[in-house]
Amino acid sequence: MSDDTEWFWDLQRQVAVPASERGPGDHMLGPYASRAEAEHWKERVEERNTSWEEADDEWNREADTDRQEQ
C-alpha cells in the first residue's frame, strides 16, 4: 500500500486519517485499505474477538472430551 491508500484510526482524535496525517504509532490503529475500514475498526475487532473466543471454546470442549475418554 502506498501512503495515498493507507488509512489509520487516530485514537486521540477519534477520526480516520490518511497516512500522510498519521500521528505517533502508539496513538494509531491500522493501516487500513480505506477510510471506511478505519472508521469501522471497532466492529472488526469485536468480530475477530468473538471468532477467537468461539474457537477457544471449541478447542476447550475437544480437550475436555479427550480427557474424559482417557
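I took a strand to be a DSSP run of E over at least two residues, with numbering from the N terminus. The model I examined is predicted.

Entry 1: I then checked the bond that joins Gly-30 to Pro-31 and recorded a cis peptide, with omega at about 15°. For β3 I noted the range 28-32.

**Entry 2: sheet layout.** I traced the order of the strands next. Three strands make up an open sheet, arranged β2-β1-β3, and their pairing is antiparallel. I asked myself which strands stand at the edges. They are β2 (15-18) and β3 (28-32); each has a single partner strand, so one side of each has no neighbour in the sheet. I also looked up the angle between neighbouring strands: on average they are turned by 30° against each other, with direction ignored.

**Entry 3: the β1 and β2 pair.** I listed the contacts of β1, which covers residues 7-10. β1 and β2 pair in the antiparallel sense, and I recorded four bridges. For Phe-8, I identified Val-17 in β2 as the bridge partner.

**Entry 4: the loop between β1 and β2.** I turned to Gln-14, which is located in the loop between these two strands. Its phi is near 60°, and I flagged this as a positive value in a residue other than glycine. Is Gln-14 buried, exposed or partly exposed? I noted a relative accessibility of 46% for Gln-14.

Key: Residues are numbered from 1 along each chain as its sequence is written. This is a predicted model: local features need pLDDT of at least 70, side-chain atom pairs count only at pLDDT 80 or more; totals for chains, interfaces and linings use all residues. Side-chain values use heavy atoms; hydrogens and water are left out. Two strands pair if DSSP finds at least two bridges between them. Axes are lines fitted to C-alpha atoms, for helices over the stretch in contact, and angles run from 0 to 180 degrees between N-to-C directions. Buried means under 20% relative accessible area, exposed over 50%, partly exposed in between (1.4 Å probe, protein chains only).
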